[in-house]
Amino acid sequence: MKPFDYQRATTPDGAVALVSDRPGAVYLAGGTNLVDHLRLGIVGPDLLVDVNRLPLDEVGATEDGGLRIGANVRNSDLAAHPAIRRDYPMLAQALLAGASGQIRNAATTAGNLLQRTRCVYFQDVTTPCNKRDPGSGCTAIGGYTRYHAILGASEHCIAVHPSDMAVAMVALDATVAVLGRNGERSIPVEELHRLPGDHPERDTVLEHGDLITAVVLPPPLGAGWRCTYRKVRDRASYAFALVSVAAAIRVEDGRVADSRISLGGVAHKPWRAVKAEDALRGAVVGDESFAAAAGAELAAASPVEGNEFKVPMARRTIVSVLRELAGQSGESR
Amino acid sequence: MGLAWGMTRISVSVDGIAYVDEVEPRMLLVHYLRDRLGKTGTVVGCDTSNCGSCTVHLDGRSVKSCAVLAVQADGHEVITIEGIAKDGELHPMQRAFHESHALQCGYCTPGMIMQSIDLLAANPDPTEADVREGLEGNLCRCTGYHNIVKAVLTAAADAKAAR
């Protein structure tokens, strides 16, 4: 591992100043992804600014009845938090579908959002990768593509974002609070991550030095909504998603009154399935409507050789999840 | 910056003993434990945070010590596999692993035991499925999972009987 300097930030503003002033500086939170990358030589920062001591580890109610989750809240604590389990069970499910106990104990909320792709070529410094080394080429295209994108990819990168948590947050219309050089701003989680386009080296819209201080959840979906997170993977546990679906629907008089659907494992960012949501609005509950909605979203899918299977897998998973939610009775949300 | 990269002072409690050390920021916690403190009971398996062999407790919760920098442990308490027996008595989880013969080559065992303790702390009365799920981050290359799961269930039952 290359050597680097290390400083502990004591205030959020101080942290932002330390990183903003040094092009080679990065934040260190749980370290579960960054420490791996340091060891593998994927990144070579000259300064780590440790943000673990910043007072960002609380979960608290917001004025409008939502929740503000501090950036440093650990994934295991968030998944076990009574308000999350009660009011945002889809988020708890998604958190527990990711990683393993040890990693969830260390990984933070902001760190989970900012974790990087598990594309094997990105992680192998001996192969070209436009995300790791801009302009060097993409080894995944024409390579082993089982875990790669079917939506929104570019000729420069077909990597996917690996987070489960973020997929649920997108479906929940969560926002991130960001502290930067010029003060605070709020960004919907849906807009935090980018599509690769010509600059796959940029995972998010954040600028160097920007610090996520919290994730803000709007008020719970409330009565009449049912939601779930389903992850399809090669093993029953401890694997990244081939496809995952976070979905919530509200049914009235046999029709879908409203829905929220987002997909994981299919794109460079958690994918909000707006076209599927539009197609479902007012539709008669049933497999025909669900398949039409999934089809509307996946019409734009452009798989590469080796991951064509993910298109029908995504379609079937969407239909299956919606069927499950529509068939449920009781108060579960 | 020049050639002289800084050292960082850390104060850390390991298995109940307080240490103050100067470490390079890039030193992994597992290397600090093994190479600096001689606590070789915690082993390095995959070195890429996959296998869980290096699991220790940081402030009472399991982490993979190959994915934590030693500087991150500053001000915190680390318990390793070497620190869970008390007064010459095996920890109940160690005893359960011994009695269920929950090992083949034994390399994953320290991590399995540390994760199993964390698992029961979070869920004192787990089902077999809960145990398998809770150990998802620990790989046994001998595939000796059956007796490992049996050991954790035995430890849970023993603890329940003692309550």
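**Notebook: sheet, domains, cavities**

I looked at the sheet in chain A: three strands, open, parallel pairing, order β1-β3-β2. β1 (5-8) and β2 (25-28) of chain A are the edge strands with a single partner strand each, so one side of each has no neighbour in the sheet. Strands here are DSSP runs of E, at least two residues, and helices are runs of H or I, at least four, numbered from the N terminus. Pairing takes at least two DSSP bridges. On average, neighbouring strands are turned by 25° against each other, direction ignored.

The model is predicted: local features need pLDDT of at least 70 and side-chain atom pairs 80 or more, while totals for chains, interfaces and linings use all residues. Residues count from 1 along each chain as its sequence is written, chains are lettered from A and ligands numbered from 1 in written order, and side-chain values use heavy atoms without hydrogens or water.

I checked β1(A) against β3 (47-50) of chain A: four bridges, parallel. Arg8(A) sits opposite Asp50(A) of β3(A).

I took the domain bounds from an automatic or database assignment. Chain A has domain 1 (5-50) and domain 2 (226-326). Their C-alpha centres are 36 Å apart.

Which residues lie nearest the centre of the largest cavity? I found Cys119(A), Cys129(A), Cys138(A), Ala140(A) and Cys157(A), among 16 lining residues. A cavity is a set of points on a 1 Å grid over the protein atoms alone where a 1.4 Å probe fits but cannot get out; lining residues have an atom within 4 Å of a point.

Notes. Axes are lines fitted to C-alpha atoms, for helices over the stretch in contact, and angles run from 0 to 180 degrees between N-to-C directions. On a 1 Å grid over the protein atoms alone, a cavity is a set of points where a 1.4 Å probe fits but cannot get out, and a pocket is an open set with protein on both sides within 12 Å along at least five of seven lines; lining residues have an atom within 4 Å of a point.
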